[in-house]
Amino acid sequence: MYEDLLTRLAADLVAGGPTSDVLRGHESDPGPSALALRLVGGLHRLVLDGTASALAPFYPTVGGRWEGDAAWPLVLDVLREHRDALAAGLGSAPQTNDVGRSAALLGGLMHVLEAHPLPVRLWEVGCSAGLNLRFDAWDYRFDGGAWGVPDSPVRLDDCWRGRTPPLRDTVDVVERVGVDLAPVDVSTPDGRLRLMSYVWPDQADRVARLRAALEVAAEMPVDLVAGSAGDAVDELDVERGVVTVLWHSTFWQYLAPAERDRLAARVAEIGAHATPEAPFAHLRLEPVRLDGGFENLVELTTWPGGVGRVLGESAAHGVPTTWE
Ligand SMILES: C[S@@+](CC[C@H](N)C(=O)[O-])C[C@H]1O[C@@H](n2cnc3c(N)ncnc32)[C@H](O)[C@@H]1O
């Protein structure tokens with residue numbers, strides 16, 4: 001659906017149509033800002049909240065089915081009519097909070113615990129609604145095993161391939177803190193709408209996964225802090241008796257170079273404070289540019305020692321993760 005829609009939007013942009021009016025001022029946005037997803041997310045939101053009801057017959061999330069030729073003239077109408085709202089929406093990063101990524105983060109966490117079997121203090125930067133901070137509320141299934149809550153409405157099938165991470169039955173999480181420039185409150189209809197708007201409407205499994213995760217998250221609040229990751233991580237340090245884990249997924253690309261440098265420097269500083277009684281782990285699932293494209297690598301660095309390694313590689317939304 002989005003291949004077709006974005007191809008049409010791109011052609012209209014080049015031709016100077018309504019798409020170019022919406023995108024004015026963003027012509028030089030770099031690819032990693034995911035401008036295309038910001039735009040189609042804005043459109044999807046107008047469909048989900050009923051503003052662009054004429055498009056409902058074409059959006060699977062509201063019971064429709066995409067038919068490009070029939071939908072396109074109506075998309076153009078929406079671009080014209082809601083230009084200002086759509087343009088305003090381009091200012092914030094997509095909030096694609098996908099719990100499929102918990103599969104990668106959980107496996108990485110098992111490696112952390114193998115080295116440092118302690119209670120976990122978990123911080124996530126760029127957490128969106130913090131859904132992945134609830135990682136231990138999902139039902140993980142993989143060839144030859146399972147982990148988590150067997151009857152959870154969030155079931156991640158075939159989530160791990162390759163060498164199974166060193167499993168332990170439970171993870172004792174003593175603190176969960178999420179930081180985001182614009183944290184999403186899943187207890188509000190607006191927050192739920194915002195998250196759903198960034199899911200690609202015809203990806204039924206992701207839509208179902210998010211709906212189920214929202215149900216669980218409403219019953220399992222976590223601490224969300226509004227602010228920049230750079231500021232927040234300045235406040236983080238190691239603590240005796242727990243392993244402090246800083247994780248993030250699909251977040252690094254949105255940072256300005258100065259904030260990236262600042263975060264990397266602070267991570268190294270926290271690492272330098274780590275001891276065997278107060279260890280630190282930096283776990284990430286981020287797209288990394290490799291020959292010929294991107295791969296979503298699961299990478300882990302632990303301190304003391306500061307040893308870093310690639311643990312595996314994930315599909316864009318986490319499932320499946322293939323372990324090395
Ligand atoms: C694509 S979402 C990923 C959400 C979540 N990590 C996941 O993988 O499901 C990127 C998130 O990073 C947040 N973000 C971008 N820049 C940030 C910054 N400088 N500090 C904190 N959060 C930021 C955005 O608000 C957005 O919620």
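Visitor: How do H1 and H3 lie relative to each other, roughly perpendicular or roughly parallel?
Guide: This is a predicted model, and in it the axes of helix H1 (residues 2-14) and H3 cross at roughly 105°. That angle falls in the 65 to 115 degree range, so H1 and H3 count as roughly perpendicular. Their axes come within 11 Å.

Visitor: Which residues make the contact there?
Guide: From H1 you have Tyr-2, Leu-5, Leu-6 and Leu-9, and H3 brings Ala-36, Leu-39 and Val-40.

Visitor: Okay, zooming out. What domains does the chain have?
Guide: The domain assignment gives domain 1 as 2-89 and domain 2 as 101-323. Taken over C-alpha atoms, the centres of the two domains are 30 Å apart.

Visitor: How many residues are in contact between domain 1 and domain 2?
Guide: On the domain 1 side there are 13, and they meet 11 residues of domain 2. H3, which spans residues 35-48, gives the most to the side of domain 1 that touches domain 2, with five residues. By class, that side of domain 1 has seven nonpolar, four polar and two charged residues.

Visitor: Back to H3 then. At what angle does H3 cross H7?
Guide: Roughly 130°, and the axes of H3 and helix H7 (residues 189-197) come within 8 Å. Because of that angle, H3 is oblique to H7. The crossing is right-handed.

Visitor: Which residues of H3 and H7 make that contact?
Guide: H3 uses Gly-41, His-44, Arg-45 and Leu-48, while H7 uses Leu-193, Met-196 and Ser-197. Sorted by class, the contact of H3 with H7 has three nonpolar, three polar and one charged residues.

Visitor: Let's switch to strands. In which sense do E1 and E6 pair, parallel or antiparallel?
Guide: Parallel: strand E1 (residues 120-125) and strand E6 (residues 173-180) pair over six bridges. If you want to find the spot on screen, the bridge partner of Leu-122 is Arg-176 in E6.

Visitor: How many bridges join E6 to E7?
Guide: Four, and E6 and strand E7 (residues 223-226) run parallel. Here you can look for Asp-180, which stands opposite Ala-226 in E7.

Visitor: Where does Pro-320 lie?
Guide: In the loop between E11 and strand E12 (321-323).

Visitor: Great, so what should I remember about H3?
Guide: H3 gives the most to the side of domain 1 that touches domain 2. H3 is roughly perpendicular to H1 and oblique to H7.

Note on methods
Residues numbered from 1 in each chain as written. Predicted model: local features only at pLDDT ≥ 70, side-chain atom pairs only at ≥ 80, totals over all residues. Domains from an automatic or database assignment. Contact = placed C-beta atoms within 7 Å. Helix = DSSP H or I, 4+ residues; strand = E, 2+ residues; numbered from the N terminus. Nonpolar A, V, L, I, M, F, W, Y, C, P; charged D, E, K, R; others polar. Pairing = 2+ DSSP bridges. Axes fitted to C-alpha atoms, helices over the stretch in contact; angles between N-to-C directions. Parallel < 35°, antiparallel > 145°, perpendicular 65-115°, else oblique. Left-handed = near helix turned anticlockwise from the far one by under 90°.
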